[in-house]
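Start with the total, then follow individual pairs across the fold.

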Amino acid sequence: MATLGTLIGGRYRLDAVVGRGGMSTVYRAFDTVLERAVAIKLMHREIAADSDQLERFRREARSVAQLNHPHVVTVIDAGEEPSEEQLPQGGAALATEVGTPYIVLEFIDGETLKHLIRSGGPLEIPQALAYAIEIARALGAAHERQIVHRDVKPQNVLISQEGGAKITDFGIARTLTEEGLTMAGRVLGTTDYVSPEQALGQPVTGQSDLYSLGIVLFEMLTGDVPRPECSAATATVLDRAVSKDLSKRYADAASMVADLEEALALEASRSGQATGEVTTVLRTLPGRTQRRLPLRMRHPARWALSLAVVVAVAAIVVAAAYWHTHRGTGSASNAPPQAGLEQVSLSDTAAHDYNPFGTGPENRDLVDDVVDNDPNTAWSTEHYYEHTLRKPGGVGLGVYLDAAPGVSAKALEIQTPTPGFEVKIYVADRFTDLPYGNSRHLGERGWQGPVGSAAHVRGKQRIALNLLGQRYRYYLVWLTTLPPKSEFAEISDLALYR
């Protein structure tokens, strides 16, 4: 973890941490030469020692540097910050030591699409379609250069303050003309969004990205509840994008963009109004599609609207049934089989930060990363400069999993890039949510246990749980210490087994 205020590349001053994963940390920085804000993705020193991970990081810089598109986060610079051992010593540098690779990106002052959906619920249909068009256009530009993103998800889409969508994090992207770095039997990408062929470890093409975009579109439209009021055109785009049959899925981004544009024109007509990014995208529609918009943005004829709703209900029910099956596949495809144990399926919103003795949430925007089955993303505690988790009301903080409606778990598995901290596992069917800083201990709040513990968590450790066959809905991973000589702890993945 770099110290804030450090100059990277002799010009980029690190000002604040804006995101952290298992592979790298992203900082808001200030370019002291051009006097502007930038974002810097700084690879973790220990990860850089892995040649495959180092090449994947470098490949991200090369991949995005090839792209010049208004809806792709722009790469400004890249390099490697020498370690102290690499600095000249008597006029010579120790070239054998690994430095810290970094990528400098344009700074987007906004929020992720995931945060927008979680904080505001399902988006208005025209707004969701406008974002989908911008993302599809960006993917089309990447695919034209033979670059497949392979991890399209709302967390990797940034929404600027101006309202536009920009896709980022090409960390596991690859070109169709090079050998991939994926090891046999290991699947890279986030389970809830990857295509069937990608989940099976088969070759991927641009169609796999379009499948993921279809899932993202469904999430924008529905949140957790299906929305059958969207038009047949929108439902058809969604149904075709997420088709398991490659011959029925969109063959390229251009054809998906065309159908999305038609659907947006129809939805704007239905709503009778257009604001924000919807207006921006409407201005970019081809002339033939713009002519479909009524001069006064009035609703289409009643018979057409009724027909659209009837068809949409059938289409969305099919899509919703598929989504329900797809979004709960919490089992990591690369996890080895364990005799007598089966991984519990958890939704992508099952994880919640828990800091009852503190003053507020603990990196709430990162907590989904512990159930995305992606070891390159992680939830982190805040920085504790006293190297202790002691707070005014008590000791500790953590993350809990909602395994609704309940399960009798036999083990909980933790993966972490910062081993060495202590955890205790608690369970509950219900617990009392008190104001931050209240000193009532966990037992008084409704938590039972501990039912399992580990004094020194390894990089990947499975902890046995003693529940005596009882079923519980909530499972709390409670950290009571930090790793030795560390100011924070990270958890990249959590999994329950029964």
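**Salt bridges across the chain**

The count comes to 17 salt bridges, where a salt bridge is a side-chain nitrogen of Lys or Arg within 4 Å of a carboxyl oxygen of Asp or Glu. The model is predicted: local features need pLDDT of at least 70, side-chain atom pairs count only at pLDDT 80 or more, and totals for chains, interfaces and linings use all residues. Residues are numbered from 1 along each chain as its sequence is written, and side-chain values use heavy atoms, with hydrogens and water left out.

Begin with Lys114 and Asp348. Their closest N and O atoms lie 3.0 Å apart, and the two form a salt bridge. This pair links distant parts of the chain, 234 residues apart. Lys114 sits in helix α3 (residues 113-120). Asp348 belongs to the loop between α11 (302-327) and β12 (351-354). Helices (H or I, at least four residues) and strands (E, at least two) are DSSP runs, numbered from the N terminus. Both Lys114 and Asp348 are buried. Buried means under 20% relative accessible area, exposed over 50%, and partly exposed in between (1.4 Å probe, protein chains only).

Next, move to Arg240 and Asp259. Their side chains meet in a salt bridge at 3.7 Å, N to O. Here two helices are linked: Arg240 is in α7 (residues 232-241) and Asp259 in α8 (residues 253-271), 19 residues apart. How accessible is Arg240? Arg240 counts as partly exposed because its relative accessibility is 34%. Asp259 has a relative accessible area of 29%, so Asp259 is partly exposed.

Now turn to the strands. Asp402 forms a salt bridge with Arg473, with 2.7 Å between the closest N and O atoms. Asp402 lies in strand β16 (residues 397-407), Arg473 in strand β21 (residues 472-479), and 71 residues separate them. Is Asp402 buried or exposed? Asp402 is buried, because its relative accessible area is 17%. Arg473 has 30% relative accessibility and therefore counts as partly exposed.

Some salt bridges join into a network. One such network links Asp151, Lys153, Asp372 and Asp374.

Finish with Asn363. This residue is found in the loop between β12 and β13 (379-380). Asn363 has a relative accessible area of 15%, so Asn363 is buried. Which residues does Asn363 contact, leaving aside its neighbours within four places in sequence? They are Arg20, Trp379, Ser380, Thr381 and Glu382, where contact means heavy atoms within 4.5 Å.
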